[in-house]
Amino acid sequence: MKKKKNKLWFAVFTVPTLVAFLTVVVIPFLMGIFYSFFKWDGIPLHEKEFVGLSNYGLLLSDERFLNAVMLTLKYTLIAALFINLFGLMFALLVTQKLRVKNTLRTMFFTPNLIGGLILGFIWQFVFKNVFTQLGDATGLNHFFFNWLLDEKYALIAIAVVSTWQMAGYIMIIYITGIQSIPSELVEAARVDGANYLQRIKHIIFPLLAPAFTISLFLSLSNSFKIYDVNLSLTNGGPSKATEMFAMNVFNEIFGYNNYGFGQAKAVIFFLFVALITLVQVYFSKKREVEM
Amino acid sequence: MKKSKKLIMEIVAVLLGIAYLSPFYIMIVNSFKNRAQMYENVLSLPSKLDFQYYISAMSKMNFLNSFLNSLFIAVVSIGFIVVFASMTAWMLVRTKHVISKIIFFTFVATMLIPFQALMMPLMQVMGAISRNTFLQMLNSRFGLIYMYIGFGSSMAVFLFHGFIKGIPLSLEEAATLDGCNKWYIFWKIIFPILKPTTVTVIILDLIWIWNDFLLPSLVLSDKALRTIPLSTFYFFGEFTIQWNLAMAGLVLTVIPVIIFYIFAQKYIIKGVTAGAVK
């Protein structure tokens, strides 16, 4: 009797979430794997033709896709480097004994609250109008020109905007890490005559390792998944030179109507993202064991 | 020497902060300038505060309507996420059964899945539900809210689960002995204790849903249903050349976020920290 009642309560408390979760996440995910074995143009009445693994085989000869993957890997490394560099610098700055430190933290974090789509549009204006005008006014045309029209610089432009968006977020993680370092430790080093750089190198950085792991992988996986900034800043241009992985998946499915082939790309996309996160879990677990 | 060095550092720090936010300055000053003024000097202050571009951006973006859509969708979705996910997390922690473990593990594992990996099949499932039941999932606020509940549940369950594990059982046992049922125990005793995590979930989901573009762009096709990111996107598609109008539109979309940030800053920083470190 009591057991039956408990089961009923269990259902009352979990079924609403589970229904939404299963129909929105779990079932579509499994169906996605299933769809990737078919050739289909997305029209419900048209037949889905089973093609086995050939969609995956075709990926290897899809030059646009391979370019997008390589570009995304390159972009991910550049962006993650920028984001962590600035995030760490900002965190070190706002943990100093400064009167303006709280204001400063607020300022650095602001862009993070605004969506990538809107940030991309703001920066489109900056590159198109501010950069060109500055170039004309200062004569530094090699640096101040419309980056969005140049294949190489357009990629850096996306990294700049993403860094602007995410550095404040990563800063928050580093701040938490820095604040968890016992102040006696830093104080003791100071008494022993270590200067600021020595204290950073020998005390703060080693103890920041956990925060560094979190920040690095968070920025890696977020950068890898970039879509909104890519769309609003360059829309893949100039001439597909900045079409990244997520955008390539979207265009293949909803632009070219290759639903099965596009879904095979989507599955590979998932595998990359999962791999980044699993490597992070592995490193974090390993550290816990060592400690 | 020491004091002046510190003063210089304070000043440099403030200048750095201001430089960091300069794109906002550029956006604001150019929303007041006409074409000639803009091309003369893009960095200068406007000669007068002319709100004409705001007025026309507001009507062209259908701003008020999009704002209300965004607000309604975010508030209702988050309300359901908080209620459903906290209930589920509590049951999963308190029911020592292999099923609870499997369900919890599934929630956590799916946090790995990027949206692009399942957007197409999701649209197929939602289309099938719309065709075979009386529920309209596509091109409706209800459908979008339903999908947000599904996507938001993993992280919310995960965060609540972590917090509830630390709540001593003794609190609930006394109430059980008094004959209270689980519904009562959860809402009267447990839910109020969850407040810090509830705030974290609200903040993180609000930032996510308010700024989300891709999901609503796939679900909503009616102009009247557009959220702020959607109307901004379509507005830009139509008026790229008219930069002053576009900048006025962007300022409009940024203002609500900044106001929210000013009032809820403490909670936002706390929530983001809690969400990121976990």
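This is a predicted model: local features need pLDDT of at least 70, side-chain atom pairs count only at pLDDT 80 or more; totals for chains, interfaces and linings use all residues.
Q: What makes the contact between A:Arg64 and A:Glu243 a salt bridge?
A: The nitrogen and oxygen of these two side chains are 3.1 Å apart, and because the cut-off is a distance within 4 Å between a side-chain nitrogen of Lys or Arg and a carboxyl oxygen of Asp or Glu, the pair qualifies as a salt bridge. A:Arg64 lies in helix 3 (residues 63-94) of chain A and A:Glu243 in the loop between helix 10 and helix 11, so the pair ties together parts that are 179 residues apart in sequence.

Q: How do you know whether A:Arg64 and A:Glu243 are buried or partly exposed?
A: A:Arg64 has a relative accessible area of 24%, which falls between the limits of 20% and 50% and therefore makes the residue partly exposed. A:Glu243, at 3% relative accessibility, is under the 20% limit and therefore counts as buried.

Q: Why is the pair A:Lys265 and A:Glu252 called a salt bridge, and what does the pair tie together?
A: The closest N and O atoms are 2.7 Å apart, and because this is within 4 Å, the pair is a salt bridge. A:Lys265 lies in helix 12 (residues 259-290) and A:Glu252 in helix 11 of chain A, so the bridge ties together parts that are 13 residues apart in sequence. Both partners are buried, since A:Lys265 has a relative accessible area of 0% and A:Glu252 stands at 4%.

Q: What makes B:Glu172 and B:Arg94 a salt bridge in chain B, and where do the two residues lie?
A: The side chains meet with 2.9 Å from N to O, and because that is within the 4 Å cut-off, the pair is a salt bridge. B:Glu172 lies in helix 9 (residues 170-177) and B:Arg94 in helix 5 (residues 63-94) of chain B, so parts that are 78 residues apart in sequence are tied together. B:Glu172 is buried, with a relative accessible area of 5%, whereas B:Arg94 is partly exposed, with 22%.

Q: Which residues do salt bridges that share partners join into one network, and how many salt bridges does the structure hold?
A: A:Asp62, A:Arg64, A:Lys240, A:Glu243, A:Glu252 and A:Lys265 are joined into one network, and the structure holds 8 salt bridges over all chains.

Q: How do you know that the bond between A:Gly237 and A:Pro238 is cis or trans?
A: Omega is about -5° for this bond, which is a cis peptide bond. Most peptide bonds are trans. A:Pro238 lies in the loop between helix 10 (228-234) and helix 11 (245-255) of chain A.

Q: What is phi at A:Asn235 and at A:Lys240?
A: Phi is near 50° at A:Asn235 and near 65° at A:Lys240, in each case a positive value in a residue other than glycine. Most residues other than glycine have a negative phi. A:Asn235 is in the loop between helix 10 and helix 11 of chain A, and A:Lys240 is found in that loop too. At 51% relative accessibility A:Asn235 is over the 50% limit and therefore counts as exposed, whereas A:Lys240, at 44%, counts as partly exposed.

Q: Which residues gather in the patch of positive charge on the surface?
A: The patch gathers A:Lys97, A:Arg99, A:Lys101, B:Lys2, B:Lys3, B:Lys5 and B:Lys6, and helix 1 (residues 2-20) of chain B gives the most to it, with 4 residues.

Technical notes
Residues are numbered from 1 along each chain as its sequence is written. Chains are lettered from A and ligands numbered from 1 in the order in which they are written. Side-chain values use heavy atoms; hydrogens and water are left out. Patches are made of residues with over 30% relative accessible area and no salt bridge: like charges are joined within 9 Å, nonpolar side chains (Val, Leu, Ile, Met, Phe, Trp, Tyr) within 5 Å. Accessible areas come from the Shrake-Rupley method with a 1.4 Å probe; for residues, only the protein chains shown count as cover. Lys and Arg count as positive and Asp and Glu as negative; His and the chain ends are not counted. The place of a charge is taken as NZ of Lys, CZ of Arg, CG of Asp or CD of Glu. Buried means under 20% relative accessible area, exposed over 50%, partly exposed in between (1.4 Å probe, protein chains only).
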